[in-house]
Amino acid sequence: MVEFLVARVLRVVVTLWAIISLVFIATRLTGNPIDFLMPEGLDAQSRQEMIAYWGLDRPTLEQYLLFWRSLMTGDFGLGLMERRPVAAIFGERLGQSASLLLATLALTVAVGVPAGIAAAIWRRSIRGTAVLVVAFLGYAIPNFVLAILLVLIFSLSLHWLPSAGSASLTHYVMPTIALSAYFVAGLTRYTRDAMLDVLSQDYMRTARAKGLSEAAVVLRHGLRNALIPVVTVLGLQITTLVSGAVVIETVFAWHGVGDLLVGATLRRDYPVLQFGVLVVAGAVVVVNIAVDLAYAAIDPRVRLAGA
Amino acid sequence: MPNALEAKPLIKPVSMITGAAWGLLKRPTLPSGTNGMVVVAAGLALLLITVALLAPVLAPFDPDQQKLLARLKPPVGFERANLTYLLGTDQLGRDLLSRCLYGLRLTLALALLGTLVGLVIGVGLGLAAGLLGGVVDAVIMGLVDIKLSLPFTLVALLVIALAGTDIAVLIGVLGIAYWAHFTRLVRAQVLSLRELPYVEAARASGGSGWRIATTHMLPNIISPILVMMSLNFSNLILLESSLSFLGLGVQPPTATLGSMVGQGRDYMASAPWIVAVPALLIVLVSLAAMLMGDFLRDRFDVRLRER
């Protein structure tokens, strides 16, 4: 277990180091970062001052160390649009994004797992097919198109739901659905496959033979075993989830990190973007490893399969 | 019905940080009883490709031509519709049918180019990793892990912020979106082919690494690569649409389906068709592409599973 842990953590450290270094290199390769960090039309003297302030006139290695220092202290300068430290701008929006992601995860599990079980139990009937067809549609319709269609129907035609903002609970409905559809579809499929595997096991026959009700058999013996791969899959999808959130937040003017990053890209607000990419990428990598480790703790077969 | 052995790879820790790969390989598919759908999908795909190729012939107007007197005409079948503009016009009086045809054409072309770029990068690296082994293999697979552990949207935002919104940049971004999947696939195939007698014979008779790779290995792994290409193609259609939707892809006035949806959002309340027409077309394209990808995968019965 210790060996496994060390190998995993080492890999995360290397990955984080590579991400940070790649961002550093990318910004230096494509010109003087000061042109990204400062507004356009800066006069020559201020430009020189800022270059000195950020240490961009020093040797590359020293710059690299300075880059690390600003990373450690969280000092990545001021956002170009809002003249405030990027870390502060970012901090304000983190909560909004986190709550959208949590709502999405909750909805995904609440719908995907039962739908998968239903599809497995009804595998030979038209109802099971119907579940799979709906899942396929949920998968095939791009999230932003689904979002737009939802807005057209529920905001503009029916006036049931607000189309933009993140102020109240009703604001959560459409972004959560638009973001979840893809994952609900995927989870339905995974749960179905996992359940079908489990349903054909000997211990299921034993459970029935000893007189348990069908519900008890499916839920107590089937679901518990089927959930192991399902939990893994949820963890695996975190990168896709974050990518999706970036788009969905933009559609619904959700006051979160994704919306911030897209805006920063459009307006070339480089300090915000650089910081955001580093923080979100770092968070995703760390969440991945957490899932990985948690999973290894639950299921000893993972450790045996090798680190 | 899948058996217990089939489910084993789900608990392999090696693939823990590769959510995107799983999303790609084990996505929801229609149940096998719905083979008639394949005919429909193939027909739809053919139709879409044909009209895209024939856009200059079929389009009644120049897609970028503005006619201020014919602004905001709804599609035929609605009040105030004008028969000249079958699908209506947008806020600048541009014919939506023409824009859809040209937009579809550009979307398909960009997805194809992106797929080819990803193919060249990914297959090249996969061959190198599989054939050369050692440090090269470790570095390349390390890059693959990093690539797969990041939400790709973040990478895309960073690249676009640094390099600008140029169509060449967009193709590059699409190209680096899925290279890692090709690399994994090709490396895995090379590793298993390497042990086969005929490759050993080729090596014994003095064939160079390059020759073995191109004449002995590539022809044997062409069908999984083709299937991977078709899956990537459908994913790139969505990625291009998302980026253009966000305003980070193809720039106005040039139309792609995604940018039409993105630009039309401001008029959703008064002229919903500007958004609805390209949005529904994206759904059709996406459905056709996904069904075809699944069909090819099942038809060639390729094991796209990771090692």
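In this predicted model, helix α5 (residues 86-121) of chain A packs against helix α6 (residues 126-140) of chain A at an angle of about 140 degrees. Their axes lie 7 Å apart. That angle makes α5(A) oblique to α6(A), because only angles over 145 degrees count as roughly antiparallel. The crossing of α5(A) and α6(A) is left-handed. On the α5(A) side, the contact is made by A:Ala115, A:Ala118 and A:Ala119. On the α6(A) side, the partners are A:Gly128, A:Val131 and A:Leu132. Five residues of this contact are nonpolar, one is polar and none is charged.

Chain B also has a packed pair formed by α5(B) and helix α6 (residues 134-149). Here the axes come within 7 Å and cross at roughly 140 degrees. α5(B) is therefore oblique to α6(B). The crossing of α5(B) and α6(B) is left-handed. From α5(B), the residues B:Leu125, B:Ala128, B:Ala129 and B:Leu132 take part. They meet B:Gly134, B:Val136, B:Asp137, B:Ile140 and B:Met141 in α6(B). The contact of α5(B) with α6(B) divides into seven nonpolar residues, one polar and one charged.

Both chains were then described as a whole. Chain A comes to 14 helices and zero strands. Chain B likewise has 14 helices and zero strands. Of the 307 residues of chain A, 42% count as buried. In chain B, buried residues make up 46% of the 307 residues. Sequence separation was examined next. Among contacts in chain A with a separation of 6 or more, 71% join residues 24 or more positions apart. For chain B, the share of such contacts between residues 24 or more positions apart is 71%.

The largest nonpolar core holds 155 residues. Which of them touch the most other members? They are A:Ala147, A:Ile148, A:Ala178, A:Leu273, B:Leu157 and B:Leu174. Helix α5 (residues 96-132) of chain B gives the most to this core, with 17 residues. Leaving aside neighbours within four places in sequence, A:Ala147 is in contact with A:Met174, A:Ala178, A:Ile248, A:Val251 and A:Phe252. One of these partners, A:Ala178, is itself listed with A:Ala147 among the core residues that touch the most other members.

Other parts lie outside such surroundings. Is helix α3 (residues 44-53) of chain A largely buried or largely in the open? Of the ten residues of α3(A), the number buried is zero, so this helix lies largely in the open. A:Gly55 follows α3(A). The phi of A:Gly55 is positive, near 75 degrees.

B:Ile121 has its place in helix α5 of chain B. With 17 other C-beta atoms within 10 Å, B:Ile121 is partly exposed, because a buried residue needs 20 or more such atoms and an exposed one has 12 or fewer. Beyond its neighbours within four places in sequence, B:Ile121 is in contact with B:Gly175 and B:Trp179. The C-alpha atoms of B:Ile121 and B:Phe182 are separated by 8.4 Å. Along the chain, B:Ile121 and B:Phe182 are 61 residues apart.

Key: Residues are numbered from 1 along each chain as its sequence is written. Chains are lettered from A and ligands numbered from 1 in the order in which they are written. This is a predicted model: local features need pLDDT of at least 70, side-chain atom pairs count only at pLDDT 80 or more; totals for chains, interfaces and linings use all residues. Axes are lines fitted to C-alpha atoms, for helices over the stretch in contact, and angles run from 0 to 180 degrees between N-to-C directions. Helices (H or I, at least four residues) and strands (E, at least two) are DSSP runs, numbered from the N terminus. Angles under 35 degrees count as roughly parallel, over 145 as roughly antiparallel, 65 to 115 as roughly perpendicular and the rest as oblique. A crossing is left-handed if the near helix is turned anticlockwise from the far one by less than a right angle, and right-handed if clockwise. Two residues are in contact if their C-beta atoms, placed from the backbone, lie within 7 Å. Ala, Val, Leu, Ile, Met, Phe, Trp, Tyr, Cys and Pro count as nonpolar, Asp, Glu, Lys and Arg as charged, and the others, Gly among them, as polar. A nonpolar core is a set of buried Ala, Val, Leu, Ile, Met, Phe, Trp, Tyr and Cys residues joined through C-beta atoms within 7 Å.
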